[in-house]
Amino acid sequence: MKDYKLLTPGPLTTTDSVKQAMLFDRCTWDDDYKQITQKIRQQLLALAAASPGAYTAVLLQGSGSFGVEAVLTTCIGREDTCLIITNGAYGQRMVKMAEYLGLHYIVCQVPYGQPADAATVRLLLEANDAITHVAMVHCETTTGILNPLQEMADLAKAYGKTFIVDAMSSFGGLEIPVQEWKIDYLISSANKCIQGVPGFCFVLARTEALAGCRGQARSLCLDLYDQWQCMEKDGKWRYTSPTHVVAAFSRALDELAAEGGVSARNRRYRENNKLLREKLKSLGFAPYIAEESQSPIITTFLFPYSDFDFNRFYHYVKERGFVLYPGKLTDADTFRIGNIGEIYRQDISLLGDIIEEYMRAEHHEHN
Ligand SMILES: *Cc1c(COP(=O)(O)O)cnc(C)c1O
């Protein structure tokens, strides 16, 4: 098999040094290891501009969805009602979780191509006194659309609601001052913009909010409160922790700092995303999301013509060193290109050349 770089929204391409951090087998109850966990927790709070004390970081085994479900099951009580704002598959997944968990919930369904809209949410809050929580995805990775996070958090607070955000694919790649924006729960995972490998998720929680959730979870393994209580003591994970993944993540956090923090990483992502969209536009690929709502994380492109053979295109590009991502829309033929991870300008330029070459060859066949 030929090596390739991932142009997907996670797992993504990591540095060699992040991978090398996994080449040692660490002991879970040894102090050195527990200190790695504690350091990660502090670094995550710092990335979110949240002060320790007011906020806490809890790491949890499992992929990102486990973190979302842990928050929903731990933090939403039997008498509570959650307003779930959705404009994509990950919002839909929250709805499905709420259904499985038997939560009271109301869905605010937004068309996939549009950002969540504050006026609509305000009307729902006005009309439903029962709502206690509001949950939304920040960057909907389904399309790459960016929802207005600060605006929604403000709105939730104005109505005295607990605010939950799935910032899986944005945290670390976009500035999210969790404390200033009064976000109660933010969920993300190891293998997105912090550029670690897959294996665990994490939650940044307003301490006072989480402290009130004791005994509320309907799942033992996903009980975020219990996980927090154990980890808070000295950094020990409740149940076996993914030691290699944690070591890689710690290394990835140090590398994020060395790059210049979230603002520098955001700049790299934005510039690469801009270059990608410009290049593809010149080759006949129109983006699905309007520029003002487009995230710098992943872009959805419409097929350039109706009989475009994505499978063939995918393999052509893969053989030349890059893996793309299929689309996830039911109403339009699309594919996606992620630009997070260890990806630089020269990668995007090279990808542009490969796609140009493909389109030229296709054009010859078409005529
Ligand atoms: C990646 C992602 C998730 C989590 O997916 P997992 O496959 O469980 O890691 C959730 N929400 C969003 C917006 C994502 O991008």
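Helix α2 lies across β2 and β10, running at about 125 degrees to β2. The model is a predicted one, in which local features need pLDDT of at least 70 and side-chain atom pairs count only at pLDDT 80 or more, while totals for chains, interfaces and linings use all residues. Residues are numbered from 1 along each chain as its sequence is written, and side-chain values use heavy atoms, with hydrogens and water left out. As for the names, helices (H or I, at least four residues) and strands (E, at least two) are DSSP runs numbered from the N terminus. Angles run from 0 to 180 degrees between N-to-C directions, and axes are lines fitted to C-alpha atoms, for helices over the stretch in contact. Helix α8 (residues 224-234) also lies across β2 and β10, at about 105 degrees to β2.

The sheet itself is open and has seven strands in the order β2-β10-β9-β8-β5-β3-β4, with mixed pairing; two strands pair if DSSP finds at least two bridges between them. At the edges stand β2 (55-61) and β4 (104-109), each with a single partner strand, so one side of each has no neighbour in the sheet. From one strand to the next, the twist averages 20 degrees. Strand β3 (residues 81-86) and strand β5 (residues 133-137) run parallel and are joined by four bridges, with Cys82 opposite His133 in β5.

Further along sits strand β9 (residues 185-189). Five of its five residues are buried, so β9 is largely enclosed by the rest of the structure; buried means under 20% relative accessible area, exposed over 50%, and partly exposed in between (1.4 Å probe, protein chains only). In a regular strand, side chains alternate between the two faces of the sheet. Both faces of β9 are covered, with Tyr185, Ile187 and Ser189 on one side and Leu186 and Ser188 on the other. Strand β8 (residues 162-166) pairs with β9 in the parallel sense over three bridges, and Ile164 has Tyr185 as its bridge partner. Strand β10 (residues 200-206) runs antiparallel to β9 and is joined to β9 by five bridges; there, Ile187 is partnered by Val203.

Back to α2, which also has a helix to pack against. Helix α2 (residues 31-47) and helix α9 (residues 243-259) pack at an angle of about 40 degrees, with their axes 10 Å apart. That makes α2 oblique to α9, since angles under 35 degrees count as roughly parallel, over 145 as roughly antiparallel, 65 to 115 as roughly perpendicular and the rest as oblique. Residues of α2 in this contact (heavy atoms within 4.5 Å) include Tyr33, Ile36 and Leu47, while those of α9 include Val246, Phe249 and Leu256.

Tyr269 lies in helix α10 (residues 261-282) and, at 0% relative accessibility, counts as buried. Beyond its neighbours within four places in sequence, Tyr269 is in contact with several residues, among them Gly173, Gln195 and Asn339. Tyr269 and Asn339 are 70 residues apart in sequence, yet 6.5 Å apart in space, C-alpha to C-alpha.

Most residues other than glycine have a negative phi, and most peptide bonds are trans. Gln195, in the loop between β9 and β10, has a positive phi near 70 degrees and is buried, with a relative accessible area of 4%. Ala49, in the loop between α2 and β2, has a positive phi of about 50 degrees and counts as partly exposed at 49% relative accessibility. Finally, a cis peptide bond joins Gly10 and Pro11, with omega about 0 degrees.
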